[in-house]
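Hi,

Here is the structure I promised to pass on. Have a look at it first, and then read on for what turned up.

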Amino acid sequence: MERNSELVQELKNQNCFEEKAESDKRVKVLEILQTLGEAFVKKACAAKGLPDHLVNNSGGKIFTFGSYRLGAYGPGSDIDTLLVVPAHIERADFFQHVPKMLSELNPPAEEVSPVPDAFVPIIKFELQSISIDLIFAKVPSVNSIPRDMTLENKDILKGCDEANLRGLNGVRLTDELLGLVPHPVNFRMALRAIKLWAKSRAIYANVMGFPGGIAWAMLVAKICQLYPMAVSAVIVCKFFTIYTKWKWPQPVLLKDILDEGGQGAGLRVWNPKIYASDRGHLMPVITPNYPCMCSTHNITKSTKAVILREMDRSLNIIHEIMDGKSPWSKLFAPHTFFTQDYRYYLRVISAARTKDEQLLWSGLVESKLRHLVSKLEMLDNIQLAHPFNKGFEYEVECNNEDEVMRVIRGENIDQSEANGTAVDSNGKSSKVKAYTTSFYVGLVLDTSKSKQFDISWACHEFYDICKTWNLYNDDMHSIHVVNTRNFELPDNVFKPGETKPTKKTKTIKRKIPNAAGKKRGADEVCP
């Protein structure tokens, strides 16, 4: 119990719990979204020329899922939300109307970023300083979505396509998960600890090939099932003990896989014996609700290696903690991705001419980055391609187009250099802003075969994938992959107190006779 009390105190020290005023603010924001959702459905119905009774009675409902619905969120956490609509509303209507409606709120939503081509199509935005991920699902079998609707009945899944299915199942999974753990209070506290650890170590991001929030939750839930009487500290300890020894790709299951869910809908269920794509999942964590799916399908060979490396590190630390030799804070120590882990990086730079366009474009590039990682893993002389779990924005005012081109190719323009008085022929400022987001991939190279490595094929394949975006415009968007040494990393990737790597200077031993005709000692070297 002493270790458990220490864990709770450390989570408080790490600011993992939100004040009541902030939680109340989340409730109000969700009420605003509910009103907006209903207004959107009415607007879409009217635009289609549907009868008044459908316009006025189609409804629409906002559901939450993920960490917020599980009760394991903290300050700054986003809210995963789902807008459920009736059969006559399409996803195209959602992306056509909702972004504009968000910008018309008072106060308006900020950083609205629709990503319709993502694996789960999504609109990301901030509303009253709260980050929201909003996805869409329609129920093909109903013409009205009342406010008191629930998603428990499996019949609502009939006729759903893959995207609608993923949306509806996010909510259904969250609800079922809480019913599968013996003590939800202990589960929530342990989940807070594992989420803090995963975020601190930069291995929390489904889009980048790491487990997302719901996958980490299922991994914790499995430990709760295996040790039903354990307190939170013991659950965290057993988490690392069990998963460092897990025989991947043996799947993590919270209950037996349901082939038909008792309803005969014929939806595809995860089954590596039948589906080749399912056999390719490296660390499968399977959702318990019908149709059972793999929540970790994005994990690659490299991200699996990174996850297991982090778990091995943490297992040694957790033993020290449980023996009273180390504090819990050691488990949650920040990652060293930029300061120590790699000598070589790839910097993937997405750029656009306006801030709004960059939000859209960078979201698209982020959603495709795992394809670059997978292609890099196919190259003989790359042992590991480790994507960092978030991007870094850079905005600078340039004097001319030449400076813009330098920025989007990875050169950081000193702001003082760009603070000139560039004017056009009419005496007006001719300053041009450049907007970029950089994503990083740490590399471990195998130099036993060759001292050089060629990534041009992987990069061009990645460029082609990104440029198939239906909104891509050569004049508006650009993407570059730049080889970067650790000492060339820009300052904005380092947190206060972190030390940027420096270029190592080689010392050269020269065999030059000294005045006495003797050889110089090994410590007498040229700089």
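For the charges, Lys and Arg count as positive and Asp and Glu as negative, while His and the chain ends are left out. On that basis the protein chain has 67 positive and 62 negative charges, and their mean positions lie 7 Å apart. Please keep in mind that this is a predicted model.

Now the overall fold. The protein chain is built from 15 helices and 12 strands. Its radius of gyration is 26 Å, close to the 24 Å that the globule rule gives for 527 residues, so the chain is as compact as a globular protein of that length. The C-alpha trace spans about 105 × 75 × 50 Å along its principal axes. If we take contacts with a separation of 6 or more, 71% of them join residues 24 or more positions apart.

As for burial, 50% of the 527 residues count as buried. The chain exposes about 25,200 Å², and carbon and sulfur atoms supply 50% of that area.

Which of its residues are buried? They are Glu-403, Val-404, Val-407 and Ile-408. Seen down the axis of α14, these buried residues fall within an arc of 130 degrees, so they line one face of the helix. In general, an α-helix has 3.6 residues a turn, so residues three or four places apart point the same way. The partners of the buried residues of α14 are strands: they pack against β8 (344–352), β10 (392–398), β11 (432–445) and β12 (477–485).

Key. Residues numbered from 1 in each chain as written. Predicted model: local features only at pLDDT ≥ 70, side-chain atom pairs only at ≥ 80, totals over all residues. Heavy atoms only, no water. Helix = DSSP H or I, 4+ residues; strand = E, 2+ residues; numbered from the N terminus. Rg over C-alpha atoms; globule rule 2.2 N^0.38 Å. Buried < 20%, exposed > 50% of the residue type's maximum accessible area, 1.4 Å probe, protein only. Contact = heavy atoms within 4.5 Å. Areas by Shrake-Rupley, 256 points an atom, 1.4 Å probe, with all protein chains shown as cover. Charge placed at Lys NZ, Arg CZ, Asp CG, Glu CD. Arc of directions from axis to C-beta.
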